[in-house]
Every structure is written in structure tokens, then in C-alpha cells.
Amino acid sequence: RRLFAVDELGLEIFSIKDSKRLLPVIVSAAAEVLVCEGVILRVDEHDTGKFRDAASFGLDNKKVKDVFMPIEEETVREVLRKKVAVVREFSEESNPYVRGAISCPLIHDGKVKGILSFMNKLEKGTRYPKPFTPSDSEVLSRLVVYIEKAMPNIIEASAKKEEWGIAPPQL
């Protein structure tokens, strides 16, 4: 069922012509498909190796962002070293808020041009986040195929954010 949802999302990503709409659709739909609390999409727009926040979902609360961002940044560095998806789990003792994080590279023209990161798997019937599962990794692998095909449009939309008066932070 989730793989079917990923295929539908992939078709939607390809059909979006409005660059202002593209980035929010990717992160919100990705959060829905992976059933998670937060998503951030980072893009290297100019082949500099510096990844800028292109879009996020569920990270509007400053406290949530302050807890998640150091974990996400560390995970992103590992993704850039290994060039594969990285899944991390955390105990309540090591981190009172984040239980799981998964980040994956988005490859275009043989280079890592983007990174998609997810925080805290959610399950129906419970309010407590869980670590990500192998099934989540499979769903993410399929989603990444579609997003990588859309990377030229994603890079263009991310670069236009400056024109729109949105200056995203850099990693």
C-alpha cells in the first residue's frame, strides 16, 4: 500500500510545474508516506558542497528543530561520507525527544545534490515515536528514485527561494 502511495507521489512530483509548490509537496507528502514527525530537504544548488535548507515539514517548532538539527547534521555528514542512506536510533536516555532519524543522498549526474532527512517514525495508536524500520528504508529507496529524477526542478526551485525573499540556512 505504501509503495503504491510512493508511485502516486512520484507522478505528482513530475507533474508539478509551479516551482513554489514543488518543494512543500515533496516534504509534506514524504512525511505522510513514511509516517514521520519531521522532514527536511537540503540541496546543493551550485555544486559547492554546501547544502541549503530547501524545504521542511514538521519542524516549525523551535524546540523541536533545536533538538533535531544537531542529530540531522551529524547524520548528513555520514551520508556525505558514505553516499548511502543512514539510519540512526536513539534511546530515551541519550535523547529525550528523537527516537529515530534516517537521511539519504539524492544523486544527480553522479554527485550528491540533495539530502532528504526524516525524524521520528510515528505509529497509529501511540503518541510515542519509534525507530525507523527496514520496511521504511524500502519505501524511502523507492521514493528517492522519483525525487532524483526531479532533481533539476528541485535545484531550480530551491535557487528561486532567494528571489522569493526566503534565505534558507546552509550546512
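In what order do the strands of the open sheet run? I will start there, and note that this is a predicted model. The sheet is open and has 5 strands, in the order β2-β1-β5-β4-β3, and the pairing is antiparallel. At the edges sit β2, residues 52-57, and β3, residues 86-89, each of which pairs on one side only. On average, neighbouring strands in this sheet are turned by 15° against each other, with direction ignored.

One pair in more detail. Strand β4 covers residues 100-108 and strand β5 covers residues 111-121; the two run antiparallel and are joined by 8 bridges.

Helix α4, residues 134-149, touches β3, β4 and β5, and its direction makes about 30° with that of β4. Helix α5, residues 151-160, touches β1 (36-43), β2, β4 and β5. The direction of α5 makes about 85° with that of β1.

α4 and α5 also meet each other. Their axes come within 5 Å and cross at roughly 65°. An angle of 65 to 115 degrees counts as roughly perpendicular, so α4 and α5 are roughly perpendicular to each other. On the α4 side, the contact is made by Ile-147, Glu-148 and Lys-149; on the α5 side, by Met-151, Pro-152 and Ile-154. By class, that contact has 4 nonpolar and 2 charged residues, and no polar ones.

Helix α1 spans residues 2-15 and helix α2 spans residues 19-34; they pack at an angle of about 180°, with their axes 10 Å apart. Angles over 145 degrees count as roughly antiparallel, and α1 and α2 are therefore roughly antiparallel to each other. α1 contributes Arg-2, Ala-5, Val-6, Leu-9, Glu-12 and Ile-13 to the contact. From α2 come Arg-21, Leu-22, Val-25, Ile-26, Ala-29, Ala-30, Val-33 and Leu-34. The class count for the contact of α1 with α2 is 11 nonpolar, no polar and 3 charged residues.

Which residues line the largest pocket? The lining consists of Arg-1, Arg-2, Ala-5, Leu-9, Glu-12, Val-25, Ser-28, Ala-29, Glu-32, Val-33 and Val-35. The volume of this largest pocket is about 190 Å³. Both α1 and α2 supply at least two residues each to its lining, and α2 gives the most, with 5 residues. By class, the lining divides into 6 nonpolar, 1 polar and 4 charged residues.

To recap: an open sheet of 5 strands with antiparallel pairing, α4 packed on that sheet, α5 packed on it as well, and the largest pocket lined by residues of α1 and α2, among others.

How values were computed
Residues are numbered from 1 along each chain as its sequence is written. This is a predicted model: local features need pLDDT of at least 70, side-chain atom pairs count only at pLDDT 80 or more; totals for chains, interfaces and linings use all residues. Side-chain values use heavy atoms; hydrogens and water are left out. Axes are lines fitted to C-alpha atoms, for helices over the stretch in contact, and angles run from 0 to 180 degrees between N-to-C directions. Helices (H or I, at least four residues) and strands (E, at least two) are DSSP runs, numbered from the N terminus. Angles under 35 degrees count as roughly parallel, over 145 as roughly antiparallel, 65 to 115 as roughly perpendicular and the rest as oblique. Contact means heavy atoms within 4.5 Å. Ala, Val, Leu, Ile, Met, Phe, Trp, Tyr, Cys and Pro count as nonpolar, Asp, Glu, Lys and Arg as charged, and the others, Gly among them, as polar. Two strands pair if DSSP finds at least two bridges between them. On a 1 Å grid over the protein atoms alone, a cavity is a set of points where a 1.4 Å probe fits but cannot get out, and a pocket is an open set with protein on both sides within 12 Å along at least five of seven lines; lining residues have an atom within 4 Å of a point. Grid points are joined across faces, edges and corners, and a volume is the space filled by probe spheres set on the points.
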